[in-house]
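Please read it alongside the sequence and the coordinates shown here.

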Amino acid sequence: MIPSVLPTYSRLPLSFVSGEGSWLVEADGRRFLDMGAGIAVNALGHAAPELVEALTEQASKLWHVSNLYTIPQQQALADKLVELTFADTVFFTNSGTEAAELAIKMARKYHYEKGAPRAQIVAMEGAFHGRSTGAIAMAGGDKMVKGFGPLMPGFTHVPFGDHEALKAAVTEETAAVIVEPIQGEGGIRVLPDVCLKGLRALCDKVGALLIFDEVQCGMGRTGRLFAHEYAGVTPDIMMSAKGIGGGFPLGAVLATEDAASGMKAGTHGSTYGGNPLGCAIGLKVTDVISDPAFLAEVNRKAGLLRQGLEGLVASHPGIFEEVRGTGLMIGLKCKVAPAEVVAAAQAEELLTVPAADNVVRLLPALNIPDGDIAEALARLDRAAGALAKEKAASA
Ligand SMILES: *Cc1c(COP(=O)(O)O)cnc(C)c1O
């Protein structure tokens, strides 16, 4: 018999009843150290007091009015994001997937309104942009698209890091190129700064728009507000979600005035997108994370974690291969199946997140205390030791 919850996820047998900072309490009372943060969502940890305050204050006033009206919280968050980034304008969604949908529409409409329609969007293999019909067609990948055809046409996929394939694929027919500056689901694969720069130049040359999907790598995760800031180039369109709501469903599409020029009244909409509650929380999250002192702390903490992980790779050469990523978006490339590492960590009451390319992700709260970093390293050390012992026994 089918479970009453549609079985599209393979879930771990854990259910949490409360959380505080980087800790989650299981129904049976066990306390788990959370290095996954709801897949890079709980950027300020669980039950962050300033977010609880922002939520309860807004919740007692007004949750939803629809976009028939001006929403001051939405306006304030848009103003803040415009002030902090390359963007001139923002549209709010409730998720990363919805942001992907608008990015596709905006890019195509841009060229249409310029009088020279282009539909083709070039994306990277191993990418993840969400699970809508458009987002799966855009990312490609058998696992996501199989059985869901006919797929939305107009997407070309190039192997990650293949410059020649990219140059061949991006032509004067290309509407846009979309990349994650750091692939998350794909296994914490960093697009080097020179590649982002090259991509910008390539797009400029052929008149294509450049879209960055910063749903996972953005909002302070890398130690800069947005990951692309390291490369010193800006996109025309950028997607944000996950961390921007700190755990409340919120997403955004940021764009330059030119890239957004096709999106006139009536061309797009969302019932819930940009609601007062979500935007009040997003504004608080953005205020906290965009503070240079906060971002400096993210970098310092990332250094601590990174150094410890390099040590674990050295002391468990049969389990781990390398550490990669930027800031607190870290991948541990494994020599065993990532699921085994996740399970061994879980036995130590440590939560991690698997990804593709044999990687286990560490995406902790950006304000994780130093003591919790040390504790996570100690637990991961024990987990790797236990796993190595198990492997030796069964060899
Ligand atoms: C999670 C993710 C998405 C999809 O976001 P949802 O909120 O799950 O719809 C899109 N792009 C990237 C890079 C992501 O990590």
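The sections below take up the ring contacts, the salt bridges, the cysteines, the ligand site and the backbone in turn.

## Basis of the description

The model is predicted, and local features are reported at pLDDT of at least 70 and side-chain atom pairs at pLDDT 80 or more, while totals for chains, interfaces and linings use all residues. Residues are numbered from 1 along each chain as its sequence is written, and side-chain values use heavy atoms, with hydrogens and water left out.

## Aromatic rings and charges over them

The structure holds one aromatic pair, where a pair requires that ring centres of Phe, Tyr or Trp (its six-membered ring) lie within 6.5 Å, and where planes under 30 degrees apart count as stacked, over 60 as edge-to-face and the rest as tilted. The partners are F16 and F32, whose ring centres are 5.6 Å apart and whose planes stand at 75 degrees, so the pair is edge-to-face. With a relative accessible area of 31%, F16 is partly exposed, whereas F32 is buried at 0%, on a scale where buried means under 20%, exposed over 50% and partly exposed in between (1.4 Å probe, protein chains only).

Two arginines have their charged ends over rings, R189 over F160 at 4.3 Å from the ring centre and R224 over Y230 at 5.1 Å from the ring centre. The criterion is that NZ of Lys or CZ of Arg is within 6 Å of the ring centre and within 35 degrees of the ring normal.

## Salt bridges

A search of the whole structure finds 21 salt bridges, each a side-chain nitrogen of Lys or Arg within 4 Å of a carboxyl oxygen of Asp or Glu. In helix α4 (residues 96-113), K109 and E113 are four residues apart and thus separated by about one helical turn; they form a salt bridge whose closest N and O atoms are 2.6 Å apart. K109 is partly exposed at 22% relative accessibility, and E113 is partly exposed at 37%.

Helix α8 (residues 193-206) carries R200 and D204, again four residues apart, about one helical turn, and their side chains meet in a salt bridge of 2.8 Å, N to O. R200 counts as buried at 13% relative accessibility. In helix α12 (residues 370-394), R379 and E375 are also four residues apart, about one turn of the helix, with 2.8 Å between the closest N and O atoms of their salt bridge. R379 is buried at 11%, while E375 is partly exposed at 28%. Elsewhere, E297, R300, K301 and D370 are linked in a network of salt bridges.

Which cysteine sulfur is nearest to that of C195? The count of disulfides is zero, a disulfide being a pair of cysteine sulfur atoms within 2.5 Å, and the nearest cysteine sulfur to C195 is that of C203, 13 Å away. C195 counts as buried at 14% relative accessibility, as does C334 at 2%.

## Ligand site

An oxygen atom of the ligand is 2.9 Å from a polar backbone atom of G96, and a ligand nitrogen atom is 3.2 Å from a polar backbone atom of F128. For the side chain of D213, an N or O atom is 2.7 Å from a nitrogen atom of the ligand.

## Backbone geometry

The peptide bond from G149 to P150 is cis, with omega near 0 degrees, and P150 is placed in the loop between α6 (142-145) and β6 (155-158).

Notes: Helix = DSSP H or I, 4+ residues; strand = E, 2+ residues; numbered from the N terminus. Polar contact = N/O pair within 3.5 Å; in protein donor to acceptor, adjacent residues only side chain to side chain.
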